[in-house]
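Student: I have a structure to read and would like to go through it with you. Can we take it step by step?

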Amino acid sequence: MIFYFSGTGNTRWAAQELAETTGERLLFIPEELKTTCEYTLADDERIGFCFPVHGWQSPHIVREFVSRLRIGNASGHYTYILCTCGDSTGLAVKMLTKQLAEKGIAVNSCQSLTMPESYVCLPFMYTDTPEREHEKKEQARKDLDIFIKVVKERQTGYSRLTLGLTPWTFSHVIGAYFNRYMITDKKFTVDADTCLHCGLCAKVCPVGDIVFDGIPSWKNDSSCTCCLSCYHHCPVHAINYGRITRKRGQYYYK
C-alpha cells in the first residue's frame, strides 16, 4: 500500500505512477486520518510513504498520520519513502524514518524528486520559469523511473536525496521555526470583487480547510498545511497569502 499526501499535485503524480506500476493500493492520508489508521498487509505487499517537503520537514499531517499508524504485520515488508521538493529536502526523510522506526517499520529505500516550485510566501520564493519547470519535470520523470525499478525489485540500501548544503540547520533550526510559526491559514485573503464564486478553491483543498458560502473563508482550526493549492488553482488570482503573493506566479501539476 502507498500512503500519500499532495497539495499542488507533484507528489500525487509520483504516487499514482508508483501505484500503477506496482499494482498496490493508493491511500490519501487526509482521508485515512478519518479512519482508525489500522491496517493489515497482504503477503509481500510493500509499504510506501509519499509526501512533499514543507520547510525541510515532512508536513504535519504526515507526521500526525504516522503517529496514529498501526500495521500489525509490518515486520519484514519492504518499505520506501518518496518525497518531492522544490530545491532540497534537508533531513526530512531521516526524521520520518526515525518516526517510522518507532512504529516498528524499517525503511529500505528512499528517493527525492526535485519538482517545480510552488511555495511563494517568502520574499525570495518564486515559481519557476516555464523552461525550468520543464527541465525539472523531465529529470523527475527519469529519476522516478529509476526508483520504480528499485521498488519493484525491492532493492535495499538505495538512497538518492537532495539534502542541500546544511541539512541539519535547515531542518532542525529554520525548518523547526517555519513549521511551528509559519504554517497557518490566517494570512489567506480573497478579493471579493475578483472572485468568480466558482468554489474551486474549496474543492482542491486537500484537508477541507475552506468553507465556501459564495466566497471562501478558512477555518483557522490548525488543519491547513500551507500547500497553497487554493492559491495556485484560483483561475483569476483572487486568493492571496498576505501581501507578498499578489504579484507571484501560480503552479500546479498538470
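Tutor: What follows is a set of questions and answers on this predicted model.

Student: How many helices and how many strands are there in the chain?

Tutor: The count covers helices and strands separately. The chain has 8 helices and 12 strands.

Student: What radius of gyration does the chain have, and what would a compact globule have?

Tutor: The chain has 254 residues, and a compact globule with that number would have a radius of gyration near 18 Å. The spans of the C-alpha trace along its principal axes are about 55 × 40 × 35 Å. The radius of gyration of the chain agrees with the globule value, because the chain has 18 Å.

Student: What share of the residues counts as buried?

Tutor: A residue counts as buried under 20% relative accessible area. Of the 254 residues, the buried share is 50%.

Student: Among contacts between residues at least 6 apart in sequence, what share joins residues at least 24 apart?

Tutor: Contact here means heavy atoms within 4.5 Å. Of the contacts in the chain between residues at least 6 apart in sequence, those that join residues at least 24 apart make up 75%.

Student: Which cysteine has the sulfur closest to that of C227, and how many disulfides does the structure hold?

Tutor: C227 also counts as buried, at 12% relative accessibility. Its closest cysteine sulfur is 6.3 Å away, which is too far for a bond, and belongs to C205. The number of disulfides in the structure is 0.

Student: Is L41 buried or exposed?

Tutor: L41 sits in the loop between β3 (38-39) and β4 (47-52). Leaving out residues up to four places away in sequence, L41 touches M1, I47, I71, N73, A74 and H77. With a relative accessible area of 6%, L41 is buried.

Student: How far apart are the C-alpha atoms of L41 and A74?

Tutor: A74 is among the residues that L41 touches. Along the chain the two are 33 residues apart, while the separation of their C-alpha atoms is 7.1 Å.

Note on methods. Residues numbered from 1 in each chain as written. Predicted model: local features only at pLDDT ≥ 70, side-chain atom pairs only at ≥ 80, totals over all residues. Heavy atoms only, no water. Helix = DSSP H or I, 4+ residues; strand = E, 2+ residues; numbered from the N terminus. Rg over C-alpha atoms; globule rule 2.2 N^0.38 Å. Buried < 20%, exposed > 50% of the residue type's maximum accessible area, 1.4 Å probe, protein only. Disulfide = S-S within 2.5 Å.
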